[in-house]
Amino acid sequence: MFQVEYEFREEDLVHFNQMRFMQTDEYQSNIKKNRWIVPGVMTLIACFYYYYYGDMKSAGYIMVVAVLWSLFSPRIILLDVHRKILSHYTHKEKKQMFGMYTLTIDPQNPHYLLEKSPSGNNKMAWADMVRLEYGRRYVYIYLDLTTALVIPVATVKSGDLEEFSKQVEKMIDRYA
């Protein structure tokens, strides 16, 4: 029997949703606009001030603002996403979501991944799972294209995550 026990925290939820948001066209468009287009327009305005008015000081201020805008706008966008993610969940939902999770692959019940979480016990069919992905500090078991079990490597309390992950991959492949 393969089993892993870990703690799922608020920062893990935010990380997963930010990661998914960063792959969207909306985010890529916002980054392009805020990293290149807006600072480019500000640079043109600074050049206009310098050449037309001969005002080096104003042009310098505008250029500094353009550079700062380019550097900090992606971080501000992600902070806004962070705030929006957390506002989508009620206190009760958060209470049922965060805490200790235990995932078990039981040979006696080979068609399901068993989950014990703060919201109760659940069975997830292997046939319904899509894939397993490895991140820098996380392992993701995708239940569908937009939903995943997020296992933070840092909070694993018991069990061998590598062996568990290999077995999960085998089970998903077997029932796919």
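This short talk presents a sheet, its helices, its aromatic rings and its salt bridges.

Good morning. The structure is a predicted model, in which local features need pLDDT of at least 70 and side-chain atom pairs count only at pLDDT 80 or more, while totals for chains, interfaces and linings use all residues. Residues are numbered from 1 along each chain as its sequence is written, and side-chain values use heavy atoms, with hydrogens and water left out.

I begin with the sheet. Helices (H or I, at least four residues) and strands (E, at least two) are DSSP runs numbered from the N terminus, and two strands pair if DSSP finds at least two bridges between them. Three strands make an open sheet in the order 5-6-7, and their pairing is antiparallel. Strand 5 (131–134) and strand 7 (148–152) each have a single partner strand and stand at the edges, so one side of each is left without a neighbour in the sheet. From one strand to the next, the twist averages 15°. Strand 6, residues 138–142, runs antiparallel to strand 5 and is joined to strand 5 by four bridges. Within strand 6, Tyr-142 is the bridge partner of Arg-131.

Two helices that pack on this sheet come next. Contact here means heavy atoms within 4.5 Å; axes are lines fitted to C-alpha atoms, for helices over the stretch in contact, and angles run from 0 to 180 degrees between N-to-C directions. Helix 1, residues 10–22, packs on the sheet and touches strand 6 and strand 7; its direction makes about 70° with that of strand 6. Helix 5, residues 161–175, touches strand 5, strand 6 and strand 7, and its direction makes about 150° with that of strand 5.

I turn now to the aromatic rings. Rings of Phe, Tyr and Trp (its six-membered ring) pair if their centres lie within 6.5 Å; planes under 30 degrees apart count as stacked, over 60 as edge-to-face and the rest as tilted. The structure holds 14 such pairs. Tyr-138 and Tyr-140 have ring centres 6.0 Å apart and planes at 20°, so this pair is stacked. For Tyr-140 and Tyr-142 the centres are 6.4 Å apart and the planes at 45°, so that pair is tilted. Tyr-138 and Tyr-140 are both buried, and Tyr-142 is buried as well; buried means under 20% relative accessible area, exposed over 50%, and partly exposed in between, with a 1.4 Å probe and protein chains only. One aromatic cluster is formed by Tyr-6, Phe-8, Phe-98 and Tyr-101.

What sits over the ring of Tyr-142? The charged end of Arg-131 does, 4.1 Å from the ring centre. A charge sits over a ring if NZ of Lys or CZ of Arg is within 6 Å of the ring centre and within 35 degrees of the ring normal. Likewise, the charged end of Lys-123 sits over the ring of Tyr-112, 5.2 Å from its centre.

A salt bridge is a side-chain nitrogen of Lys or Arg within 4 Å of a carboxyl oxygen of Asp or Glu, and the count comes to five. Arg-131 forms one with Glu-133, the closest N and O atoms being 2.8 Å apart. Arg-131 is partly exposed at 29% relative accessibility, and Glu-133 is partly exposed at 28%. Within it, Asp-12 and Arg-9 meet at 3.0 Å, N to O; Asp-12 is buried, with a relative accessible area of 0%, whereas Arg-9 is partly exposed at 23%.
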